Amino acid sequence: MEAPGTHASDPQLDSLPAEEVRIGLAVETLKRAFVDNLFYVQGKFPLIATQNDFYLALAYTVRDRLLHHWINTVETYLKQRKPKIVCYLSAEFLLGPQLGNNLINLGIYEQVSRAVEESGLNLKDLLEQEEEPGLGNGGLGRLAACYMDSLSSLEIPAIGYGIRYEFGIFDQEIKDGWQVEITDKWLRRGNPWELPRPEAVVEIKFGGYTEAYLDDRGSYRVRWIPAHVVNGVPYDTPILGYKVHTANVLRLWKAEAPESFDFKAFNLGDYYGAVNAKVVTENITKILYPNDETSQGKQLRLEQQYFFVSCSLQDMIRIHLRRGKSLEEFHEMFAVQLNDTHPSIGIAELMRLLVDEHQMDWDAAWYITERTFAYTNHTLLPEALEKWAVGLFSSLLPRHLEIIYEINRRFLNAVRLKYLNDPSRISRMSLIDESGERYVRMAHLACVGSHAINGVAKLHSELLTETTLRDFFELSPEKFLNITNGVTPRRFIVLSNPRLSSLVTGKIGEGWIKDLETLRKLEAFAGDPDFRSEFKKIKQANKQDLAFYIEKQTSISLNPEMLFDIQVKRIHEYKRQHLNLLHIITLYDRIKREPKTEIVPRAFIFGGKAAPGYFMAKLIIKFINAVGEVVNNDADVRGRLKVVFLPDYNVKQAQSIYPAADLSEQISTAGYEASGTSNMKFAMNGALTIGTLDGANVEIRQEAGEENFFLFGLEAEQVLARKAEGYHPRDYYDSNLRLRAVIDLINSGLFSRGDSTLFRPLVDVLMRYDPYLLFADYQSYVDCQDRVSETYLDQDKWTKMSLLNTARMGKFSSDRAIREYCRGIWHAEPVKISQE
Ligand code: F58
């Protein structure tokens, strides 16, 4: 193991100045720093070090280089008292592995790779060691991470605020075709990317009661006497921009008990009680709720939300006062973005901090609050709209409930003034739902307390103003705008698809990495057979890599010549993984009827987690595996169809999946997927999309060109109309022979070892209600898939379409999205950080 140059006291390297070892980027310096960190941080030497020790030593080596930029950045922001800071509040940040991305953004991937190699190791192996921080469920959390990358890359002063969950999204295993959830112990071997900041601890109150009093000037005031107090300790992760000196911070809060041990209880013999308070308190940041798209109304969830939001706002106020500013200027110095309603309690909390703790007048505080907050909506699904029972709310946050009532009273007065004779509007728009048990409506609070409200794709933003938030749009149309989502090309092209990156850079230079619209220059080469052949070779090589990985994970072997047809995302009925299955069974049925039929060989690859309590989603996973078991082992199929469920879909896996896809499945019922972001990542990497006119698919198709997109299905308006006129899925079963054959095959027990009841719940819902209109879209989908296969037969045409998709995805860079937020909502400007 001990190769030259891997010993701490190598005489050749001893002459390096100490600082150089921390910040230098030359291969020799990196080698020295690597060994130094192995010795002095890990307490290991090469002979006894594990791969994980080497990974950690490398991570610390990289972190040293980040810290240098970070300190410069913080110093600059503090010195210049002017710049506005964007605070992105999100209950989730799905960062994915840090090492590779930091190497890319530092611009030292090659040097480090060599340094590691010359130390007798392999960079890929070390990258494999990293346990990713899965602090999010899916698109919403990943979007927050992409936005942090772009904020730093665009040199915008920013802080990401969130929760340091001890256990992130569960690891998924598949047993007998079913999902099994395993605790995600991502911190088990330490997290080299974070720095705890115990000195910046803040106190968070919960429960208790409020009381009124007169202050020194005789003004009426309220104070909150809490039942208990929790400490919030920040853990900071530097987020470096791409080839700039800006390193912003992601500040995640951990809950700690102020007193870890209750001696009074202990001395009374109550040993359990002596530690219980600590356990209960620290539960607040123990675990990420693994639900996507549903709100459960659980107390611990509200505690999490209030905890991180109060920590963050108190932190902002502290930073603000340290910069020598008065609180009247708060909104000029901070723009706070609410990533969905999860942090929207912040509106009441800022009011409380300003009015109760800093003795500001209500009107002045409201003026600041409204101008500080902006709200991004990510869903139209009614079950995802957060509401909290008033009883729960008042027992946990009694003062906030009073503040919300007061906000509501003033707001409803304004509504009454505008709509004199429309009492139904009052009850519809109230912050309190009084139709049955009383609830606080968080989306309403977010709308009332924000100066800007945005959806995440054009269609979604339109639907928001026409449906879910229509009343609020009619009241204040000037607040509403669209900002279509984007994703970072650093992680999702440069890091994920190095082959494509070097081909592109070789042709058009590296400008595209910071200005993705430049990819358009590739269009000029679409007619060049040599370029096309290079492009195609890269896809093949990526498919080969993925096939290798899949075989290792699942023992299913895929021929990379097959069409790789991929659907990876959370499992949800509206995303319609089961529509994909209906197509697979249709093909299978064709083969069984006519074994010699010509068919384009396809590998259907699925990945995604189901919320642990979502029975239908879990049944869909079982169904995918069950269909795979039959199809993959049927001699008539002769390897022409393969179905794979790749367990434990996460960011790391995603990075090797997108570059290897031929076809990207974006098949949600129109009107249900707010935007989607994997649709963008696939298309950038040259996958063609089969999709509905939903979310950002609409804009992807517009950009790629209609002829380079496989469109099927009802449009959002038609979906609504079909439902309004009375939708009868059974009619489709009765009239469509192919569909009927497919459903009958499922019911026969063919995919469930003869058990005809296993998939009944799925089939019954489809036959009776089919809320997501699979049957209505079935024929259109199958026909469209036939067009896909036909096109794939013409490889040259396919490659050209694929290339044009890559060339035309510039719009979907998160840099564009962040620029739009800066211009349209935050009014934030870049601040140059110089290299010290
Ligand atoms: C997703 N939402 C949307 N929510 O479904 C997707 O269309 C969009 O592209 C993405 O946001 C980014 O805008 C989403 O991921 C969640 O996972 C929430 C987690 C917390 C509970 C409620 C759902």
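Trainee: What makes the radius of gyration of this protein agree with that of a compact globule?

Mentor: The radius of gyration is taken over C-alpha atoms, and the globule rule is 2.2 Å times the number of residues to the power 0.38. With 836 residues, that rule gives a value near 28 Å, and the protein has 28 Å, so the two agree. Along its principal axes, the C-alpha trace spans about 90 × 85 × 65 Å. Before we go on, remember that this is a predicted model, where local features need pLDDT of at least 70, side-chain atom pairs count only at pLDDT 80 or more, and totals for chains, interfaces and linings use all residues. Residues are numbered from 1 along each chain as its sequence is written, and side-chain values use heavy atoms, with hydrogens and water left out.

Trainee: Why is His69 called buried?

Mentor: Buried means under 20% relative accessible area, exposed means over 50%, and partly exposed lies in between (1.4 Å probe, protein chains only). His69 has 9% relative accessibility, so His69 counts as buried. Its place is in helix 3 (residues 51–79); helices here are DSSP runs of H or I with at least four residues, strands are runs of E with at least two, and both are numbered from the N terminus.

Trainee: Which residues does His69 touch?

Mentor: Leaving aside residues up to four places away in sequence, His69 touches Leu106, Leu240, His245 and Ala247. Contact means heavy atoms within 4.5 Å.

Trainee: Why is Pro46 called buried, and where is Pro46 found?

Mentor: Pro46 has 4% relative accessibility, so it counts as buried. Pro46 is found in the loop between helix 2 (27–40) and helix 3.

Trainee: What makes the phi values of Arg753 and Leu773 worth a look?

Mentor: Most residues other than glycine have a negative phi. Phi of Arg753 is near 45°, and phi of Leu773 is near 55°. Both values are positive, in residues other than glycine.

Trainee: Are these two residues buried or exposed, and how do you know?

Mentor: Arg753 has 65% relative accessibility, so Arg753 counts as exposed. Leu773 has a relative accessible area of 0%, so Leu773 is buried. Arg753 is placed in the loop between helix 30 (737–747) and helix 31 (760–768), and Leu773 in the loop between helix 31 and helix 32 (774–793).

Trainee: Which element gives the most to the shell around the ligand?

Mentor: That is helix 7 (residues 139–153), with three residues.
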